[in-house]
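Please read the following note alongside the sequence and the coordinates. The points are numbered so that each can be taken up separately.

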Amino acid sequence: MTLQRRGGAAAFSSSARAYDETMAPALRPVAEEVVRRARLRPGERVLDLGTGTGNALELAAGEGRRVIGVDAAPGMLDLARRRGLGAELVEADFAWLPLPDASVDVVLAVHALLFADDRIATLREWRRVAKAGARLSLSVPGPRDVVPISVLSPVYERHGLPWGDDYPTPADVAAWASEAGWTGIRTDTDAAIVIPLRDEAHFRTWLRVGARGRATAGWSRQRMDAFVRDLMDAAPRDGDGGFRLPFGAIYLTALCD
């Protein structure tokens, strides 16, 4: 298992506040684009998978829509609940949804699919709950040359934390969706998406998110400081001295026939 997925829901639950401070703002423009591409209509039932702290839920709400957020990390759902989004929040594995067949009009997923162990089976499960004519709109990080490993992987490897190479191409994501039974598949990319981290404290907060925090939890202060220094030296910076880690977005839209 790659570092991206190690620790699963427990890792994200325990680091939910760090995620909300660092990753949620970085993913806000991605969530906006995923929701825009879904072409939401009034009164629809919208399912947001891997909802995290609720970015896409907030954007999808309104016009009489029923919005449902699913996440396996209770810590994430606690923060989403505190936002008062008026959404139904369900603690569940998005690969095994506690929803009936053909029950939703729109399926959203913002940078969540790569955390599935079996991406095709998961997309097939998402299609199971989609009505005929329902739309799928999702994003994953990428392309590979604009994700964090493009600049940070050598540092992780030097410190004994191989990140892995688990990032797909747009063709990969389209093939997964097609094999899962989705049709009308379209993909697009945005290489400009970044994770902005304003200073060293913010950078260290980002390192606590998900599997990153679990992987270094037992390290000494000296070892962790050396790791952080090496990462910051490798990370691109903006004109104000903050960090701008490449992240990117591959977008996919599809239909359920």
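Predicted model: local features only at pLDDT ≥ 70, side-chain atom pairs only at ≥ 80, totals over all residues.

1. Leaving aside residues up to four places away in sequence, Thr122 touches Phe94, Ala95, Leu113 and Ala116, where contact means heavy atoms within 4.5 Å. The place of Thr122 is in helix 5; helices (H or I, at least four residues) and strands (E, at least two) are DSSP runs, numbered from the N terminus. Thr122 counts as buried, at 2% relative accessibility, on a scale in which buried means under 20% relative accessible area, exposed over 50%, and partly exposed in between (1.4 Å probe, protein chains only).

2. Residues are numbered from 1 along each chain as its sequence is written, and side-chain values use heavy atoms, with hydrogens and water left out.

3. Helix 5 (residues 119-128) also holds Glu125 and Arg128, which are 3 residues apart and therefore separated by about one helical turn. Their side chains meet in a salt bridge at 2.9 Å, N to O, the term being used for a side-chain nitrogen of Lys or Arg within 4 Å of a carboxyl oxygen of Asp or Glu. Glu125 is buried, with a relative accessible area of 12%, whereas Arg128 is partly exposed at 28%.

4. In helix 4 (residues 74-82), Asp78 and Arg81 lie 3 residues apart, again about one turn of the helix. The two residues form a salt bridge in which the closest N and O atoms are 3.1 Å apart. Here Asp78 counts as partly exposed at 35% relative accessibility, and Arg81 counts as partly exposed at 45%.

5. What links Arg28, Glu32, Glu58 and Arg83? These four residues are joined in a network of salt bridges. Within it, the side chains of Glu32 and Arg28 meet at 3.7 Å, N to O, and both residues lie in helix 2 (residues 16-38), 4 residues apart, about one turn of the helix. Glu32 is partly exposed, with a relative accessible area of 41%, and Arg28 is partly exposed as well, with 25%.

6. Over the whole structure, a search finds 19 salt bridges. The protein chain carries 33 positive and 34 negative side chains, and the centres of the two sets lie 2 Å apart. In this count Lys and Arg are positive and Asp and Glu negative, with His and the chain ends not counted; the place of a charge is taken as NZ of Lys, CZ of Arg, CG of Asp or CD of Glu.

7. As to the overall fold, the protein chain has 10 helices and 9 strands. Its radius of gyration is 18 Å, close to the 18 Å that the globule rule gives for 257 residues, so the chain is as compact as a globular protein of that length; the radius is taken over C-alpha atoms, and the rule is 2.2 Å times the number of residues to the power 0.38. Along its principal axes the C-alpha trace spans about 55 × 40 × 35 Å.

8. Of the 257 residues of the protein chain, 56% count as buried. Among contacts with a separation of 6 or more, 76% are accounted for by residues 24 or more positions apart. The accessible surface of the protein chain comes to about 11,000 Å², of which 48% belongs to carbon and sulfur atoms.

Terms used. Areas by Shrake-Rupley, 256 points an atom, 1.4 Å probe, with all protein chains shown as cover.
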